Amino acid sequence: MKRITLPCGASVPALGQGAWHLGEDPARRDEEIATIRRGIDLGMALIDTAEMYGDGKSELLVGEAIEGRRDEVFIVTKVYPHNASRRAMRTACDGSLQRLRIDVIDLYLLHWPGAVALDETVAAFEALQKDGKIRQWGVSNFDTRLMRSLLTVPGGKAVQTDQVLYNLANRGVEWDLLPLLRQHRIPAMAYSPLEQGKLLKTRALTVFAKKHEMTPAQVAIAWLLAHEDVIAIPKTGNRKRLEENAGALARRLTPPHLGELDDLFPPPAGPTPLAMI
Ligand SMILES: NC(=O)c1ccc[n+]([C@@H]2O[C@H](COP(=O)([O-])OP(=O)(O)OC[C@H]3O[C@@H](n4cnc5c(N)ncnc54)[C@H](OP(=O)(O)O)[C@@H]3O)[C@@H](O)[C@H]2O)c1
């Protein structure tokens, strides 16, 4: 498994597993748990969830799936912006720990920017670190301007990642956000790497994939993995698809492949507002 080093020095898998919508359909539960466990077997041991997902159902399912395997996984979960104050974050974190059935969250992210001042949110993260409830913290859906502000807040430089929408069809972050993160050696975490499945149906991607004997999902993931500091977290609740997605690790895209993809999915030509889902 290709690995990425966070600013704190922890090394995490470059290919993880998203968990949005997992745990919402009781009929799919067994397959979803088996999928997460298979992903851990294959080294996709970074699992991304949030208190928001299914109103806690995703965290509950992840908790069940990682039972007995805590030492093998790196758990990322997220706090709602309205819980990003000192007092509310403590309660929210306890809820996530309980649902995940773990003692400490490896990486706790602010899900998106909200009304609570950044210095208070950073102080709330630091308090949880001090209490041993979270190991590291980061943010999600922060654009370049907000990321710059965060880096000037006391303690703000301890941010470990910015989890953002990034895939072949949404490359706006390449203009100034990724360069800023790179300058501070902060890896980006690319969410919706398959654009929630929509990307896989585009003609440009299906034709490219066929030509190069890959599947569309493998191309989309391998393209993200071609960056040296990007973590990708595709979601699937299906073992076959998970194995297909893991196959992207074996397919390194060459500079000519990347050039061809630039023609099909052009990089940004100027500043672009941060896209979000
Ligand atoms: N921070 C944020 O604001 C934010 C926002 C969105 C997402 N996220 C995180 O990022 C993760 C990934 O993003 P996402 O769930 O939005 O979308 P995604 O990973 O881009 O796509 C997931 C969709 O693609 C399907 N899929 C997966 N592998 C496939 C394959 N090989 N062939 C065909 N279809 C495939 C899945 O269906 P099946 O499950 O049926 O296979 C699902 O419908 C989330 O789960 C979540 O953890 C974070």
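**Entry 1: Leu46**

I began with Leu46, which is buried because 27 other C-beta atoms lie within 10 Å. The cut-off I needed here is 20 or more such atoms. I am working on a predicted model, and I keep that in mind throughout. I then looked up where Leu46 sits, and found the residue in strand E4 (residues 46-48). Next I listed its contacts, leaving aside neighbours within four places in sequence. They are Val12, Pro13, Gly16, Phe74, Val76 and Ile231. I also checked a distance. Leu46 and Ala127 are 81 residues apart in sequence, and their C-alpha atoms are 24 Å apart in space.

**Entry 2: Leu107**

I turned to Leu107, and located this residue in strand E6. Is Leu107 buried or exposed? I counted 24 other C-beta atoms within 10 Å, so Leu107 is buried. Beyond four places in sequence, Leu107 is in contact with Val76, Arg135, Gln136, Gly138 and Gln160.

I wanted to see how the strands are arranged. Eight strands form an open sheet, and the pairing is parallel. I wrote down the order as E3-E4-E5-E6-E7-E8-E9-E10. Which strands are at the edges? I found strand E3 (17-18) and strand E10 (230-232), and each pairs on one side only.

I then followed the pairing towards E10. E7 and E8 pair in the parallel sense over two bridges. Ser140 stands opposite Gln163 in E8. E8 and E9 run parallel, joined by four bridges. Val164 has Ala190 in E9 as its bridge partner. Strand E9 (residues 188-191) and E10 pair in the parallel sense over three bridges. Ala190 has its bridge partner in E10, and that partner is Ala232.

I looked at the side chains of strand E8 (residues 162-165) as well. Asp162 and Val164 point one way, while Gln163 and Leu165 point the other way. All four are buried.

**Entry 3: A helix across the sheet**

I checked what helix H3 (residues 86-100) lies across. I noted three strands: E5 (74-79), E6 (105-110) and E7 (134-140). H3 runs at about 140 degrees to E5.

**Entry 4: The nonpolar core**

I looked for the largest nonpolar core, and it has 83 residues. Tyr108, Ile231 and Ala232 have the most contacts inside this core. Helix H8 (residues 216-225) gives the most to the core, with eight residues. In soluble globular proteins, nonpolar side chains tend to be buried together.

Which residues does Ala232 touch, not counting residues up to four places away in sequence? I found Ala14, Leu15, Ala190, Pro193, Ile221, Leu224 and Leu225. Ala190 is on that list, and Ala190 is also the bridge partner of Ala232.

**Entry 5: Around the ligand**

I ended with the ligand. How many residues are around the ligand? I counted 27. Gly18, Trp20, Leu194, Ala217 and Lys235 come nearest. I sorted the shell by class, and got 10 nonpolar, 12 polar and five charged residues. Which helix gives the most to this shell? I found helix H9 (residues 239-246), with three residues.

Notes
Residues numbered from 1 in each chain as written. Predicted model: local features only at pLDDT ≥ 70, side-chain atom pairs only at ≥ 80, totals over all residues. Near = placed C-beta within 6 Å. Nonpolar A, V, L, I, M, F, W, Y, C, P; charged D, E, K, R; others polar. Core = buried A, V, L, I, M, F, W, Y, C linked by C-beta atoms within 7 Å. Buried ≥ 20, exposed ≤ 12 C-beta atoms within 10 Å, placed from the backbone. Contact = placed C-beta atoms within 7 Å. Pairing = 2+ DSSP bridges. Axes fitted to C-alpha atoms, helices over the stretch in contact; angles between N-to-C directions.
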